[in-house]
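Could you walk me through this model in the viewer, one selection at a time? I would like to know what to click on next and what to look for there.

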Amino acid sequence: MNKQELKYFLDEKAAFYDHPDFIASDPIQIPRQFDQKEDIEIAGFLTATISWGNRKSIINNAKRMMELMANSPHDFILNHKERHLAKLETFVHRTFNGTDLITFVAALQQIYRKHGGLEAAMTTYANDNFMDRNLHAFKLKFFEVPHLRRTQKHVSDPLKNSAAKRLHMYLRWMVRPNTTGVDFGLWKTLKPQQLSCPLDVHSGNVARKLGLLSRKQNDAKALRLLDESLRKMAPEDPVKYDFALFGIGAFEKASI
């Protein structure tokens, strides 16, 4: 495919997968259960945090997290008492356990009480063209609370060469407009053109097959190269191609 044909192909795939029909099999269904901004962004952040592995398991465990918070995550984060945390100790999703969840509850409370909420905490450098410094600063704020060192691995840092797939997915949810009924468009501090495509096994493999990415590792350097390719095709909304790259890789088994 030449460049024009590739753009047409990816635009068609992005439009096909950027559709509410796919919410039933996607973790974004968890924050979609809520109406208030703070509930949506907290549910989305916690769901994105555990979004690796089997999708059914991700969704089931994210639902359980919400149930442990009485399906009122913002109220729970702000107003829980020490005795309410005991029930969180039983939570497990792969390497993210109850101790991690309790730390996240404390960190999120700090984020809302001290840093103005998740949107403010993630947009320290709101005018940057890329999210690297924003996410690095967010991680520093997030772990101001007492925590085990191992818990830090559950919040990625692009400045340490992480592709930060789950955080970029979360930012897509919060920032891209709600024009198709999939993403939320809740955060106005950032623009879609600042976002990066969540880079994982599926999107990375498809991007390489299509000639959008040559680097073999799925790391921050690879993400910047993918950004360059996608921003040439859709400078105002490059992350829309997340739907195309992930959808092809996850749902279409035929070779490209």
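Predicted model: local features only at pLDDT ≥ 70, side-chain atom pairs only at ≥ 80, totals over all residues.

## A tour by selection

Select Phe-45, Phe-91, Phe-96, Phe-104, Phe-138, Phe-142, Phe-143, Tyr-170 and Trp-187, which together form one aromatic cluster. Across the whole structure, a search finds 16 aromatic pairs.

For one of these pairs, select Phe-16 and Phe-22. Their ring centres are 5.5 Å apart and their planes stand at 70°, so this pair is edge-to-face. Phe-16 has a relative accessibility of 48% and therefore counts as partly exposed. Phe-22, with a relative accessible area of 22%, is partly exposed as well.

Next, pick Tyr-17 together with Phe-251. Here the ring centres lie 5.8 Å apart with the planes at 25°, so the pair is stacked. Tyr-17 belongs to helix H1 (residues 3–17) and Phe-251 to helix H11 (residues 241–251), so the pair ties together parts that are 234 residues apart in sequence. Colour the two by accessibility if you like: Tyr-17 counts as buried at 6% relative accessibility, whereas Phe-251 is partly exposed at 37%.

Arg-133 lies over the face of Tyr-125, 3.7 Å from the ring centre. Then move to Arg-224, which lies over the face of Phe-130 at 3.6 Å from the ring centre.

The next stop is His-93, in strand E1 (residues 92–93). Is His-93 buried or exposed? Its relative accessibility is 1%, so His-93 counts as buried. Show the side chain and look for its polar partners. One is the side chain of Asn-61, in a polar contact of 2.8 Å. Another is the backbone oxygen of Trp-52, which lies 3.2 Å from a polar atom of the His-93 side chain. Leaving out residues up to four places away in sequence, His-93 touches Ile-50, Trp-52, Ser-57, Ile-58 and Asn-61.

Finish at Met-66, a residue of helix H3 (residues 55–68). Met-66 has 0% relative accessibility and so counts as buried. Which residues does Met-66 touch, not counting those up to four places away in sequence? Select Ile-30, Phe-34, Ala-43, Leu-46, Asn-71 and Pro-73 to display them.

How values were computed. Residues numbered from 1 in each chain as written. Heavy atoms only, no water. Helix = DSSP H or I, 4+ residues; strand = E, 2+ residues; numbered from the N terminus. Buried < 20%, exposed > 50% of the residue type's maximum accessible area, 1.4 Å probe, protein only. Contact = heavy atoms within 4.5 Å. Polar contact = N/O pair within 3.5 Å; in protein donor to acceptor, adjacent residues only side chain to side chain. Phe/Tyr/Trp six-rings, centres within 6.5 Å; stacked < 30°, edge-to-face > 60°. Lys NZ or Arg CZ within 6 Å of the ring centre and 35° of its normal.
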